Amino acid sequence: MPRTPEENERIRQKAKENIRHKAMELFINQGYHATSISDIAKEAEISKGLLYNYFKGKEDLLATIVEERIIKLIEVMEGALAHDTPAEQLKYVVNHAIDNVYTNPQVHRFFLHLQTQPEADKELIKYSKRIVEENARQFELQCEMFESLGVANPRERSLYFSSTLQGVMLMIATYPQKFPVEEIKTQIIEKFCQ
């Protein structure tokens, strides 16, 4: 019995997800520039030709991975904004940001590395800028939370909050098994979400 269009689409999406996952693993472990399409196809256990049926090439894969990351950032902020009070919104941001890094420290390091690409890297800099632009947009929403919280100098408080949170996220990504995650989340929430 032939497959339905829905089944074909489900199979296609599953294959694309596997390719993205394997590409991300290779980008993390070898670096973007050191990873070839052949490497990705081999890890995904498909032919290069089949890989090209799903993605135009390595850069298309990276673009897809970056857009997925941005969607996740937006979803966290939308989840935060769904809460009634700015304190609950900020608490949501803290919990999700830290839990995400603790669960996927290598992914956080990859995106941090991507965000700090030199301007001379013409291939990667556009993705770096895309992530930085989205982070700036998210920062503005966060500033509004602090303004609603009624703190003096909400932009400065938001910057302090972001700096603290980013520092914690870097430490977790560097030392995931040696970091008191729950205790630190509690301290950040007590410091900023009251």
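In helix H5, the residues Pro86, Ala87, Gln89, Leu90, Val93, Val94, Ala97, Ile98 and Val101 are buried, where buried means under 20% relative accessible area, exposed over 50% and partly exposed in between, with a 1.4 Å probe and protein chains only. Seen down the axis of H5, these buried residues fall within an arc of 165°, so they line one face of the helix; the arc is that of the directions from the helix axis to the C-beta atoms. The model is a predicted one, in which local features need pLDDT of at least 70 and side-chain atom pairs count only at pLDDT 80 or more, while totals for chains, interfaces and linings use all residues. Residues are numbered from 1 along each chain as its sequence is written, and side-chain values use heavy atoms, with hydrogens and water left out.

Helices (H or I, at least four residues) and strands (E, at least two) are DSSP runs, numbered from the N terminus. H5 has 18 residues and reaches 26 Å from its first C-alpha to its last, close to the 26 Å expected at 1.5 Å a residue, the expected span being 1.5 Å times one less than the number of residues. The cover over the buried residues of H5 includes H4, H6, H7, H8 and helix H9 (181-192), with contact meaning heavy atoms within 4.5 Å.

A pocket is an open set of points on a 1 Å grid over the protein atoms alone, where a 1.4 Å probe fits, with protein on both sides within 12 Å along at least five of seven lines, and lining residues have an atom within 4 Å of a point. This pocket is lined by 26 residues, of which Leu73, Ala97, Asn135, Gln166 and Met169 lie nearest its centre.

The second largest pocket is lined by 14 residues, of which His21, Met24, Glu68, Lys72 and Val107 lie nearest its centre. Helix H1 (5-30), H4 and H6 each give two or more residues to this lining, and H1 gives the most, with six.

Val107 has its place in helix H6 and is partly exposed, with a relative accessible area of 22%. Not counting residues up to four places away in sequence, Val107 touches Met24, Ile28 and Arg69.
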